[in-house]
Amino acid sequence: MKFQIEDVTVYFPYEHIYPEQYHYMLDLKRALDSSPSGTGAGHCLLEMPTGTGKTVALLSLILSYSLSKSPSLKLLYCTRTVHEMEKTLAELKHLLPHLPPSSSHRLLALGLSSRKNLCVNPSVIGTSSATTRDSVDSGCRRLTASWVRARAAEDPSVPTCSFFENYERVSAAEAVLLPPGVYTLEDLRGFGRAKGWCPYFLARHMIRLANVVVYSYQYLLDPKVAGFISREMQRECVVVFDEAHNIDNVCIEALSVSIRKQTLDGASRNYHASRRRLRVSDTWLANPALPDDILKEAVPGNIRRAERFLAVLRRLVQYLKGRLQAERVETEGPVAFVASVRSQAGIDEKTLKFCYDRLHSLMLTLEITDTDEFLHIQTVCDFATLVGTYTRGFSIIIEPFDERMPHIPDPVLQLSCHDASLAIKPVFDRFQSVIITSGTLSPIDLYPRLLNFNPVISRSFTMSLTRDCICPMILTRGSDQLPVSTKFDMRSDPGVVRNYGRLLLEMVAAVPDGIVCFFVSYSYMDGIVNSWNEMGILQDIMQHKLVFIETQDVVETTLALDNYRKACDCGRAKASSIPPSSLDEPSSQSNDYTHSSKCGRMYRGKVAEGIDFDRHYGRILLSRLEYLRETFQIKEGDFLTFDALRQAAQCVGRVIRSKADYGMMIFADKRYTRHDKRSKLPGWILSHLHDAHLNLSTDMALHIAREFLRKMAQPYNKAGVGGKKTLLSQEDLEKMGEGNVEIAAYGDLGAVGLKFEVPDINLKISADDD
């Protein structure tokens with residue numbers, strides 16, 4: 001399909017387009033227009049429901065815009081996971097044949113990931129130790145470091161990487177090594193094997209020349225990685241952060257460091273190993289801090305000599321060991337901490353600032369290839385550089401033990417970043433357009449304040465549907481009319497636990513398809529599942545569906561997901577899951593029913609992307625709340641509600657993956673009846689939340705569920721009926737300008753494209769407001 005959006009000819013790979021896709025493209029195009037090369041900043045926030053073709057709309061519009069108005073424009077598409085990266089590249093492969101031949105034959109798009117995902121050398125990835133990214137990086141470095149290759153030139157018995165050597169020989173003679181096309185990670189590995197070239201270094205080389213680069217958030221947000229991966233990217237780039245509902249947390253994690261006793265013990269071993277090995281030109285890692293003035297300063301004279309630098313590291317490690325011996329919780333800012341380091345260890349602020357750079361130089365001098373064995377000293381130097389660079393936006397928290405086990409020493413020192421704008425500011429300043437988008441960005445109004453930028457467009461779209469295939473409900477009480485809530489003072493009540501169990505039991509008996517249950521934390525999930533087992537509820541549930549429970553172990557959770565899918569295919573399963581909610585805000589219990597699966601699972605963190613706020617995590621949150629209030633005038637209640645509701649929205653947002661799908665969302669907590677909480681859910685959910693579904697008991701919810709499922713079993717016209725269309729052809733798009741096509745949009749939100757605003761609400765935080 002080819003159609004016009006104002007002055008841009010858009011090439012779309014399908015014969016029909018959703019109305020919301022068209023309006024999404026329209027807003028995206030206007031954001032790009034607001035930032036011509038070298039002027040302005042066309043940053044925007046766009047929320048569009050999952051299952052409405054957001055990725056293909058982004059790719060089609062940006063590539064078409066580049067062809068029509070800015071041939072030099074490059075697309076940097078950032079994803080959270082390798083799976084999302086591969087899906088994006090697959091969509092781009094589908095789009096490529098629909099572009100003009102003169103352009104598609106020149107377009108180069110590729111994905112970039114770690115060595116672990118791209119290495120094809122059996123001697124590196126075929127070993128039993130190649131289980132982590134760091135171990136693969138270290139194995140690669142043992143074969144490709146410049147001093148290793150120099151020794152191999154003199155002694156052929158020294159092992160090297162034949163793939164890297166072949167790549168080096170070719171890259172020295174040719175600038176362009178990849179023919180035009182779209183390359184997934186598997187394509188790169190296959191190309192590398194066929195040519196005998198290293199796919200990782202090939203991809204690193206070609207991203208400078210590619211029109212589209214798809215890679216992880218960290219390649220732009222984590223300064224340690226961005227410093228050597230993305231430093232050559234020009235301003236004429238459109239940066240897309242997809243699935244960016246937690247982008248502020250990603251920014252904070254990139255600038256936060258945790259140090260334990262094991263870290264310092266390992267750093268001491270690294271120090272002694274460096275002393276024993278006391279020769280440099282490879283690039284390793286960039287500085288973890290962001291200000292450009294660091295790069296313009298000279299390394300202090302007192303750490304230029306290796307012996308003196310090692311002495312500084314020894315004193316720093318000893319100082320940190322002393323701080324970990326604290327008998328009570330201590331919290332202080334960077335300025336006070338640096339002053340303490342200066343007075344007790346004799347290390348000034350500038351010396352701390354350059355620790356990471358100097359370690360980089362020393363690692364090269366000592367020709368260290370086993371970088372994975374020196375991770376502890378790297379962590380210490382990372383910490384030192386950050387604490388020596390920033391005076392605001394950070395806290396240092398020291399805890400001597402876990403409060404749940406006060407008799408077992410387990411000290412931890414956490415450098416926590418509170419200001420997400422520190423990591424993303426260079427991206428906003430450097431590139432002409434940054435697109436932050438997701439299916440669940442609501443409440444959308446807080447992101448500009450958290451990230452400290454001014455979007456030219458901030459918009460939330462609803463979903464055009466031919467039938468009411470989304471059924472959100474708010475359940476406030478059980479069949480016995482007792483209220484249900486995961487408030488701290490209610491969640492352990494036997495009546496609440498029993499009502500949650502009865503709700504689940506009634507649903508698994510009535511729903512033929514998959515069910516996913518979300519809980520507020522791992523500990524609460526473990527407790528309530530044990531209680532259900534003792535009450536006999538779990539056994540009754542398993543009479544209808546199999547149960548898969550998420551654990552904090554990645555391997556176990558992956559296995560549970562695989563078995564869940566198998567059980568779905570067989571027609572019998574159920575799973576439980578847990579939504580990450582903030583400390584004192586509502587959480588959701590979400591039941592996911594889709595026609596394609598018949599199972600259920602229980603999760604907390606991996607699926608819902610949350611953590612339990614125990615130990616220093618709770619104190620970090622309190623410190624961040626204080627910082628946000630003082631710096632950005634964001635009230636504690638506003639942020640807690642925002643954080644809780646966006647996580648709940650992310651959980652229930654997975655209920656529907658396409659317009660042919662259908663699903664129910666049950667918010668099983670009485671606090672969702674409050675307008676200040678409920679109004680911050682995404683507009684596409686609110687548009688289907690009828691007044692009659694706001695205050696339900698279990699038996700009422702069960703009746704609504706049965707009626708909904710019976711209705712969804714009926715055939716329907718996917719293209720729309722009664723003059724309302726949810727699939728637009730090229731002819732329909734031409735008629736839209738004449739007002740002859742009526743677009744289907746359910747709910748009170750009306751138009752497909754709209755700005756969804758939530759007024760500021762002053763919340764009082766108290767124990768009763770849990």
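Helix H7 (133–144) and helix H11 (199–206) each give at least two residues to the lining of the largest cavity. Before we start on that, some ground rules: this is a predicted model, where local features need pLDDT of at least 70, side-chain atom pairs count only at pLDDT 80 or more, and totals for chains, interfaces and linings use all residues. Residues are numbered from 1 along each chain as its sequence is written, and side-chain values use heavy atoms, with hydrogens and water left out.

**Exercise 1. The largest cavity**

Task: Describe the space in the largest cavity and the residues that line it.

Solution: 

Step 1. Start with the general idea: rolling a probe the size of a water molecule over the atoms shows where empty space is left. Here a cavity is a set of points, on a 1 Å grid over the protein atoms alone, where a 1.4 Å probe fits but cannot get out, and lining residues have an atom within 4 Å of a point.

Step 2. Read off the volume: the largest cavity holds about 100 Å³ of space. Grid points are joined across faces, edges and corners, and the volume is the space filled by probe spheres set on the points.

Step 3. Find the lining. It has 13 residues, and Cys119, Asn121, Cys140, Cys161 and Cys198 are those nearest the centre of the cavity. H7 supplies the largest share, 3 residues. Helices (H or I, at least four residues) and strands (E, at least two) are DSSP runs, numbered from the N terminus.

Step 4. Sort the lining by class: 10 residues are nonpolar, 2 polar and 1 charged. In this scheme Ala, Val, Leu, Ile, Met, Phe, Trp, Tyr, Cys and Pro are nonpolar, Asp, Glu, Lys and Arg are charged, and the others, Gly among them, are polar.

**Exercise 2. Cysteines and disulfides**

Task: How many disulfides does the structure hold?

Solution: 

Step 1. A disulfide is a pair of cysteine sulfur atoms within 2.5 Å. The structure holds 0 of them.

Step 2. Check Cys140: it is in no disulfide, and the nearest cysteine sulfur, that of Cys198, is 6.0 Å away. Cys198 is in no disulfide either, with the nearest cysteine sulfur, that of Cys161, 5.8 Å away.

Step 3. Look at accessibility. Buried means under 20% relative accessible area, exposed over 50%, and partly exposed in between (1.4 Å probe, protein chains only). Cys140 counts as buried because its relative accessibility is 10%, and Cys198 counts as buried at 10% too.

**Exercise 3. An enclosed helix**

Task: Why is helix H20 (residues 355–365) described as largely enclosed?

Solution: 

Step 1. Count the buried residues: 8 of the 11 residues of H20 are buried, so the helix is largely enclosed by the rest of the structure.

Step 2. Name them: Cys355, Tyr356, Arg358, Leu359, His360, Leu362, Met363 and Leu364.

Step 3. Find the cover. Contact means heavy atoms within 4.5 Å. The elements covering the buried residues of H20 include H7, helix H8 (146–154), helix H13 (223–229), helix H17 (306–323), helix H19 (349–353) and helix H21 (375–389).

Step 4. Look past the end: H20 is followed by Glu367, which has a positive phi near 55 degrees.

**Exercise 4. A lysine in a loop**

Task: Is Lys659 buried or exposed, and which residues does it touch?

Solution: 

Step 1. Locate Lys659 in the loop between helix H29 (636–652) and strand E20 (663–668). Lys659 is buried, because its relative accessible area is 9%.

Step 2. Not counting residues up to four places away in sequence, Lys659 touches residues including Tyr18, Gly51, Met463, Cys469 and Tyr716.

Key
1 Å grid on protein atoms, 1.4 Å probe; cavity = no way out; pocket = protein on both sides within 12 Å on 5 of 7 lines; lining within 4 Å.
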